[in-house]
Amino acid sequence: MIDQHPCPDLPRPAYLVRLGLRFCAVLAVVGLAVLGFDWLQTQIVRLEQDAALRAMSGLMVAVLILYAIVLATPFVPGVEIGVALLIIQGAKAAPFVYLATVCGLSLAFVIGQYVSLLWLIGLLRGLRLHRLAGWLDRVDGLARADRLRLLQQKMPAWLAPVFLRFRYVTVALAINTPGNIAVGGGGGIMLVAGLSRLFGTTATLLVIALATAPVPLAVWLWGVDVVR
């Protein structure tokens with residue numbers, strides 16, 4: 001039984017209305033992400049079936065822009081979409097798919113890096129996600145060294161030294177690991193990396209650029225057979 005709601009300054013009906021609106025906003029964002037993903041899959045199928053469409057640069061530009069946005073969304077298998085585009089379009093599309101991949105992952109990181117933690121904490125508390133809000137509240141305001149020590153306390157003893165010393169390498173491996181959608185996908189991984197405030201912006205963008213280069217570069221040099 002809840003004796004009082006988390007916003008004592010608001011009457012309970014007003015608080016419930018505000019909570020409902022926040023949930024609706026979150027659901028709307030999720031719904032838009034799902035619709036965008038479905039549209040993207042449909043267009044990829046059309047590109048695969050119709051050679052004339054593959055020559056339409058306008059459609060490809062729209063697909064690549066939406067691919068970058070979808071890739072930045074947590075728990076969306078955006079990398080698989082990128083591979084499908086490489087297979088369908090061939091070597092000539094590799095530089096553009098690579099650029100869209102870098103932009104999508106960078107967008108997720110930058111959002112996490114520069115979003116106000118105080119605003120996010122307030123949003124999470126409004127959605128009754130008090131545990132996650134409490135963790136971010138502890139992190140907010142800590143120096144990077146203190147955040148590293150806090151993270152070390154939360155991680156398994158064998159993993160903490162590896163991650164803390166080679167965290168950029170760990171992120172690079174994570175976004176290239178098959179099945180990483182189980183831990184948020186590339187977008188989710190980079191969003192959390194940004195929220196942690198443990199990564200420098202310039203260094204991380206360079207890591208993203210290098211980590212996502214091998215597959216598009218291989219397709220560009222040797223053709224789509226390398227990813228079939």
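**Helix packing and cores**

Guide: Let's start with a helix pair. In this predicted model, the axes of helix α5 (residues 94-114) and helix α12 (residues 201-211) come within 9 Å and cross at roughly 150°.

Visitor: So are α5 and α12 roughly parallel or antiparallel?
Guide: Roughly antiparallel. Angles over 145 degrees count that way, and α5 and α12 cross at roughly 150°.

Visitor: Is the crossing of α5 and α12 left-handed or right-handed?
Guide: Right-handed.

Visitor: Which residues meet there, between α5 and α12?
Guide: From α5 come Tyr98, Val102, Leu105, Ser106, Phe109, Gln113 and Tyr114. They meet Thr201, Thr204, Leu205, Ile208 and Ala209 in α12. By class, the contact of α5 with α12 has 8 nonpolar residues, 4 polar ones and no charged ones.

Visitor: What else packs on α5?
Guide: Helix α13 (residues 214-222) does, with its axis 9 Å from that of α5 and an angle of about 175°. That makes α5 and α13 roughly antiparallel.

Visitor: Which residues make the contact of α5 with α13?
Guide: On the α5 side, Ala94, Pro95 and Tyr98. On the α13 side, Pro216, Val219 and Trp220. The contact of α5 with α13 has 6 nonpolar residues, with no polar and no charged ones.

Visitor: Let's zoom in on Ala94. Is Ala94 buried or exposed?
Guide: Buried, because its relative accessibility is 1% and the cut-off for buried is under 20%. Ala94 sits in helix α5.

Visitor: What is Ala94 in contact with, apart from its neighbours within four places in sequence?
Guide: Leu86, Pro216, Val219 and Trp220. Also, the C-alpha atoms of Ala94 and Ala213 are separated by 9.7 Å, though these residues are 119 apart along the chain.

Visitor: New topic. How many residues are in the largest nonpolar core?
Guide: It has 39. Tyr67, Leu85, Val97, Met190 and Phe199 have the most contacts inside it.

Visitor: Which elements give two or more residues to this core?
Guide: Those are α3 (57-71), α4 (78-89), α5, α8 (144-154), α9 (160-165), α10 (167-176), α11 (185-196) and α12. The largest share, 8 residues, comes from α3.

Visitor: What about a second core?
Guide: There is a separate one of 7 residues. Leu117, Leu120, Ala133 and Leu195 are among them.

Visitor: What tends to happen to nonpolar side chains in general?
Guide: In soluble globular proteins, they tend to be buried together.

Key: Residues numbered from 1 in each chain as written. Predicted model: local features only at pLDDT ≥ 70, side-chain atom pairs only at ≥ 80, totals over all residues. Heavy atoms only, no water. Axes fitted to C-alpha atoms, helices over the stretch in contact; angles between N-to-C directions. Helix = DSSP H or I, 4+ residues; strand = E, 2+ residues; numbered from the N terminus. Parallel < 35°, antiparallel > 145°, perpendicular 65-115°, else oblique. Left-handed = near helix turned anticlockwise from the far one by under 90°. Contact = heavy atoms within 4.5 Å. Nonpolar A, V, L, I, M, F, W, Y, C, P; charged D, E, K, R; others polar. Core = buried A, V, L, I, M, F, W, Y, C linked by side-chain atoms within 4.5 Å. Buried < 20%, exposed > 50% of the residue type's maximum accessible area, 1.4 Å probe, protein only.
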